[in-house]
Amino acid sequence: MASSAHTKFVLYLTLTGLLSFVFGIVAEHKKPPFGTPIQGTGVVVCSFPKDLSIGFAFLSILLAIKTSVLGASSVLSAKDIPRKALFGYRLFFIFYHLAIGVACSGVGMMLWTTVTEILHHLRKVHHNLEYTCPTAKTGMFGGAAFLHLDAMLLWVVISMIVSNVREDLHRTDEDESESQGNRVDDGY
């Protein structure tokens, strides 16, 4: 039963992570490379085509946060493993902090790029007649999307590490109970 629940959880975690990745890639693909500068009297007014890149980027951010919250909460809510034993396992400790770092980097990068894109769309009037109406840097949405994918994969690996720690912990508990049983039988 626990294996089935664990499998469903990993599939849900994978689904949210993959959707975050896909929405980030779609945001990159839909982003216009630049706006159209329209010369005015002493100003340049930028006209940008309608695009959904900002909406897809926000969906990607929300799903990446959901993936990380799911991953962290599932690990920290394991009641049959003491946290001290879990964080004492070096491989878990490394992967846990790496996943948090990659997830925060991905969300931060996507948020920064989204805010930059929003500011370009809101500030349309410029007094510099040489202004070319840029948008957010090309590749930033896609790079953040790949960080979201990496974070999801790290959370899946962490869930496997937690399963291994649980198995090792319960195996040592069984070994200790067997050795204590042998001591009683030997008359010690």
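His126 sits in strand S3, which covers residues 125-126; helices (H or I, at least four residues) and strands (E, at least two) are DSSP runs, numbered from the N terminus. The model is predicted: local features need pLDDT of at least 70, side-chain atom pairs count only at pLDDT 80 or more, and totals for chains, interfaces and linings use all residues. Residues are numbered from 1 along each chain as its sequence is written, and side-chain values use heavy atoms, with hydrogens and water left out.

With a relative accessible area of 16%, His126 is buried. Buried means under 20% relative accessible area, exposed over 50%, and partly exposed in between (1.4 Å probe, protein chains only). The His126 side chain reaches the backbone oxygen of Arg123 at 2.8 Å. Apart from neighbours within four places in sequence, His126 is in contact (heavy atoms within 4.5 Å) with Val43, Val44, Cys46 and Tyr131.

## The salt bridge

The structure holds one salt bridge, defined as a side-chain nitrogen of Lys or Arg within 4 Å of a carboxyl oxygen of Asp or Glu. The side chains that meet in it are those of Asp80 and Arg166, at 2.7 Å from N to O. Asp80 lies in the loop between H2 and helix H3 (83-88) and Arg166 in helix H5 (residues 140-186), so the pair ties together parts that are 86 residues apart in sequence.

Asp80 is partly exposed, at 32% relative accessible area. Arg166 is also partly exposed, at 26%.

## A nonpolar surface patch

Phe58, Leu111, Val115, Leu119 and Leu122 make a nonpolar surface patch of about 430 Å². Patches are made of residues with over 30% relative accessible area and no salt bridge; like charges are joined within 9 Å, and nonpolar side chains (Val, Leu, Ile, Met, Phe, Trp, Tyr) within 5 Å. Accessible areas come from the Shrake-Rupley method with a 1.4 Å probe, and for residues only the protein chains shown count as cover.

Helix H4 (residues 90-122) gives the most to this patch, with four residues. Phe58 lies in helix H2 (residues 53-76) and counts as partly exposed, at 36% relative accessibility.

## Annotated transmembrane regions

An unreviewed UniProt entry lists residues 9-27, 54-76, 88-112 and 140-162 under "transmembrane region". UniProt positions are given in the numbering used here, feature names are shortened, and annotations may be inferred rather than shown by experiment.

In the model, residues 9-27 are 100% helix and 0% strand, with end C-alpha atoms 27 Å apart. Residues 54-76 are 100% helix and 0% strand, and their end C-alpha atoms lie 33 Å apart.

Definitions and conventions. A polar contact is a pair of N or O atoms within 3.5 Å; within protein, one must be able to donate a hydrogen and the other to accept it, and residues adjacent in sequence count only if both atoms are side-chain atoms.
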